Every structure is written in C-alpha cells, then in structure tokens.
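Reader: I am new to this structure, and I would like to learn how to read it. Could you take me through it step by step?

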Amino acid sequence: NQDELSIYGNILSSGARVTMQGFMMMPSAGSSESNDDDDSSSAATFWVTKCRLLRSSWRPGDIRQLLDLVHDGKFDMEEAASALEIPYSQVEDLAGGTTSAAERQWLTAEITQSLQGENSRVGKI
C-alpha cells in the first residue's frame, strides 16, 4: 500500500524500533545477464509485507508527525500508544480530532523528553 509506505517512510528514523515481516527473494543463479559493474543482480531483496512501529524515535519532528497522523486518523491508535509509550486514552483523545496544533506541540515536547534515554544521542558531555 503506497500510503503505508509513505507513512512509515517518514517516521522510521534513527532511534526508532520496528518489526518487519515479509519474504526474501534470492537472485537466480542462471540469470546473470547484467554488467559486472552492477552488483544489484547478486543482492538478495527483502519484500516487506507488514511493518509495525515498536518504539518511536525521540526526535521531535518524528513524534509530531506521528501525533498528526493519529489526529488525522491515518495511523493505528494501539500501535501509536505503544510506540510513543503513552496511555491509550491519550491517543483516543488525539484521534478524536479535538486537540489543537498547540496541544500536539506541547505533547510532542513531553514525549520527546520521556523517550530520550542515556543512549539516545551519540556522545556524552
């Protein structure tokens, strides 16, 4: 589904945890008619048929996008609650379409802080 590809493509970033299901396609042994410069014919391809966000990245832009998707009814509420580590009731309020952009921005800041851990950034000061 093109919509899911676009949605997950925009929220899967560094720091996110995801599970993917699909199938592996191995290259055919007898069909190497490509150039020697092109290694793509010898690479296996993983076709994703199902994707699930287990934990969102702590990055504010990714969290805001996910909150907006839930608000617009374009993302599964249970998956969002789990990935953002917030109560399901809070996600229901978002999905009801009654939250303002300012409320979602404040919630983004709160979730960003709660998802950041000691290993969320490279290097330590």
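**A patch, a core and the chain around them**

Author: Gladly! Let us start on the surface of this predicted model. Val 18, Met 20, Met 24, Met 26, Phe 46 and Val 48 make a nonpolar surface patch of about 560 Å².

Reader: Which elements give two or more residues to the nonpolar patch?

Author: They are strand 1 (17-25) and strand 2. Strand 1 gives the most, with 3 residues.

Reader: Where is Met 26 found, and does it count as buried or exposed?

Author: Met 26 is found in the loop between strand 1 and strand 2. To judge exposure, look at the relative accessible area: over 50% is exposed. Met 26 has 60% relative accessibility, so it counts as exposed.

Reader: Let me try another residue. What is the place of Leu 5, and why is Leu 5 called exposed?

Author: Leu 5 is in helix 1. Leu 5 is exposed because its relative accessible area is 56%.

Reader: Now for the inside. What should I have in mind when I look for a core?

Author: In soluble globular proteins, nonpolar side chains tend to be buried together. Here, the largest nonpolar core has 22 residues. The residues with the most contacts inside this core are Ile 11, Leu 53, Leu 67, Phe 75, Leu 84 and Ile 111.

Reader: Which elements give two or more residues to this core?

Author: Helix 1 (2-11), strand 2 (45-55), helix 2 (60-71), helix 3 (77-84), helix 4 (88-95) and helix 5 (101-115) do. Helix 2 gives the most, with 5 residues.

Reader: What does Leu 67 touch, not counting residues up to four places away in sequence?

Author: With those left out, Leu 67 touches Leu 84, Leu 94, Arg 104, Leu 107, Thr 108 and Ile 111.

Reader: Let us step back to the whole chain. How many helices and strands does the protein chain have?

Author: There are 5 helices and 2 strands, and along the sequence they follow the pattern α-β-β-α-α-α-α. Of the 125 residues in the protein chain, 26% are buried.

Reader: And how do I read contacts and surface for the whole chain?

Author: For contacts, look at sequence separation: among those with a separation of 6 or more, 71% are between residues 24 or more positions apart. For surface, the protein chain exposes about 8,600 Å², and carbon and sulfur atoms supply 49% of it.

Key. Residues numbered from 1 in each chain as written. Predicted model: local features only at pLDDT ≥ 70, side-chain atom pairs only at ≥ 80, totals over all residues. Heavy atoms only, no water. Core = buried A, V, L, I, M, F, W, Y, C linked by side-chain atoms within 4.5 Å. Buried < 20%, exposed > 50% of the residue type's maximum accessible area, 1.4 Å probe, protein only. Helix = DSSP H or I, 4+ residues; strand = E, 2+ residues; numbered from the N terminus. Contact = heavy atoms within 4.5 Å. Patch = residues over 30% accessible without salt bridge, like charges linked within 9 Å, V, L, I, M, F, W, Y side chains within 5 Å. Areas by Shrake-Rupley, 256 points an atom, 1.4 Å probe, with all protein chains shown as cover. Salt bridge = Lys/Arg side-chain N within 4 Å of Asp/Glu carboxyl O.
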